[in-house]
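Please look over the sequence and the model below before reading the notes. The notes are grouped by topic.

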Amino acid sequence: MTQLLILADDFTGALDTGVQFATVGAVTRVITGQSVSLSEFAETCEVLVVDAETRHLTAAEAADIVGGYTAQAAALGIPHIYKKTDSALRGNVGAELAAVLENSGESCLPFLPAFPQMGRNTENGIHYIQGIPVADSVFGKDPFEPVTRSDVCALIAQQTGLPAVSCPPLTAGTPLPEADGIWVFDASSLEDLQETGERLKQEGRLHILAGCAGFAAVLPELLNLGTGKPRAIPALGENFTVICGSVNPITVAQVAYAEARGFLHQQLEPEQKLSSGYWQTPAGEEMLGKLYRMLEENPHRILDTNNPGSNRKTADYAARFGMDIQDIRRAVSTIGTVLVFAPMAVATCVSLGFNPTAAAAAIVVSGWNGHFLPIDGLPAMCMGLGNYTLQEFWKFTVPQHFIRLLALTAGCLLMFPV
C-alpha cells in the first residue's frame, strides 16, 4: 500500500524527489499524467510519485489538477502527501500549495522550500540562490517563467488568499505556529530540515508537507520508508546523449563543462527550431544526415537548442515571423517530440524483439499531417537499444516514407474519388 504520494509539477522534479526514496530501498514508482487514477497504482509501491505536468499551466488549471490528486489520496487513505515544489520557486507554487491544503482536510501545511545541500536557503522568509535573493538570481531573469518575489509568503500570496506565515526552524520543544494556513519554515542547513521535520513528527504534522528535493531527502527516515539499504546504481553504457532545451545559465554552464571534457556539441539554428517545414526540405534532410553521423561516430554528444553566445538570434528570427515567447516554447518543444518521444516506439519494439512495422505505420499516418518527421531509430542508436544501427535505421525508415505516401494517396482518394 502506498504510504507517501508525491505531487511534482514536472518530470525532473518527480525524478529528483523519487530518487531520494529509491536509494534507501523504498519501492518507488513514477507516473506521468494530469488525471491518472491513483487506485491503479496504490497497491504496487510504498512511494508513488506523480509528474502532474502543471509547471506551465495557469494557476487555476494547476490547482484543479493538484486538488484532484489530493482528494484521491484522501479517499484512498494514503497517510502522507508531499507537494514537491521547485527549489527556485518556479511554477504555480501558491496555487498548488493551496490546492493540497484545501483538499486534504487539514488546517495547516508545513512548507520547507530550502535546498541547503545545493546552496538554496530560506532565511527570515527570503529565498536565496547561492546567497542571492531568488528574484535577483538567474531564475528571476528566466524568459519563460521568471521568479518575481524573493519573499516566499509574498510569492504564495500572488496565487492564493490563504494565509502564509514565515517561521524560524523548529528545534526540540519549540512551539508550532498557532495560525492556520501555510507555514513557511526557514532552513540554512540539512540539520535545520531534519530538526524541523522531527518536531513536526512529534506533533503529528506529517500528513501533508511541501518542499523540494532538499526536504524530501530527510523524509525516508521521518516516515520510516525503505529498508535503509542503498540500491545499486545501474552502470551507464558507453553511449551517452544529452538533449538540451533549457536556456537557464546554469544548464548552459553544465553543457560547456561537458563540451570541455570531450562531448561533441551540436547547436540548432533558429530555422531548424522554429520552421515547421524545415526538416522536410533538402537542407533539413542534409542536417538529419549530419545528426545521424554524429550519433554513430561519437559516443558522447549534446544536441542543443541554444545559439552560441545568446539566443538573440532566435528571438530576432521569431520576431520576423510574428512569434511570441510561447510560440517559441511550443516550437522548441516539438523538436523534442520529433527527435525523442515518437521514435521511442520503434526503439522499444526493436529492443524487445518485436516487429516495429505496426508502430511505425500508426505513428507516421497519425503524425505526418502535424509536420512530424517519419519515425526513425535516432534514440535507439543514441542509447544502444536492440543493437539498432544505421543499417537498421534505413531498413525501417525508407519503407515508412512509402507508408506516408500510401496514406496521403488513400486520403486523397477518399476526399476526391475518381
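Predicted model: local features only at pLDDT ≥ 70, side-chain atom pairs only at ≥ 80, totals over all residues.

Residues are numbered from 1 along each chain as its sequence is written, and side-chain values use heavy atoms, with hydrogens and water left out.

**Whole protein**

- The protein has 16 helices and 14 strands; helices (H or I, at least four residues) and strands (E, at least two) are DSSP runs, numbered from the N terminus.
- Of its 418 residues, 44% count as buried, where buried means under 20% relative accessible area, exposed over 50%, and partly exposed in between (1.4 Å probe, protein chains only).
- Among contacts between residues at least 6 apart in sequence, 69% join residues at least 24 apart; a contact means heavy atoms within 4.5 Å.
- Carbon and sulfur atoms account for 58% of an accessible surface of about 19900 Å², computed by the Shrake-Rupley method with a 1.4 Å probe, and for residues only the protein chains shown count as cover.

**Helix 3**

- Helix 3 spans residues 93-104, and its 12 residues reach 17 Å from first C-alpha to last, close to the 16 Å expected at 1.5 Å a residue; the expected span is 1.5 Å times one less than the number of residues.
- This helix is mostly covered, with 10 of its 12 residues buried.
- Among the buried residues of helix 3 are Val 93, Glu 96, Leu 97, Val 100, Leu 101 and Ser 104.
- Their cover includes helix 2 (59-76), helix 4 (152-157), strand 4 (80-84), strand 5 (108-112), strand 10 (181-185) and strand 11 (208-211).

**Helix 8**

- Helix 8 (residues 249-260) also has 12 residues, and reaches 16 Å from its first C-alpha to its last, close to the 16 Å expected at 1.5 Å a residue.
- Thr 251, Val 255 and Ala 258 are the buried residues of helix 8.
- They cover an arc of only 60° around the axis, so they lie on the same side of helix 8; the arc is that of the directions from the helix axis to the C-beta atoms.
- An α-helix has 3.6 residues a turn, so residues three or four places apart point the same way.
- Strand 12 (240-244), strand 13 (264-267) and strand 14 (300-304) are included in what covers the buried residues of helix 8.
- Tyr 257 and Ala 260 are exposed, on the face of helix 8 turned away from its buried side.
- Gly 262 follows helix 8 and has a positive phi, near 110°.

- The 3 strands form an open sheet in the order 6-7-8, with antiparallel pairing; two strands pair if DSSP finds at least two bridges between them.
- Strand 6 (120-123) and strand 8 (132-133) are at the edges with a single partner strand each, so one side of each has no neighbour in the sheet.
- Strand 6 is joined to strand 7 (residues 126-129) by 4 bridges, and Glu 123 stands opposite Ile 126.
- These two strands form a hairpin with 2 residues between them, and Asn 124 in the turn has a positive phi of about 55°.
- Strand 7 is joined to strand 8 by 2 bridges, with Ile 129 opposite Ile 132.
- The hairpin of strand 7 and strand 8 also has 2 residues between its strands, and Gln 130 in the turn has a positive phi of about 50°.
- On strand 7, His 127 and Ile 129 make up the covered face, while Ile 126 and Tyr 128 make up the uncovered one.
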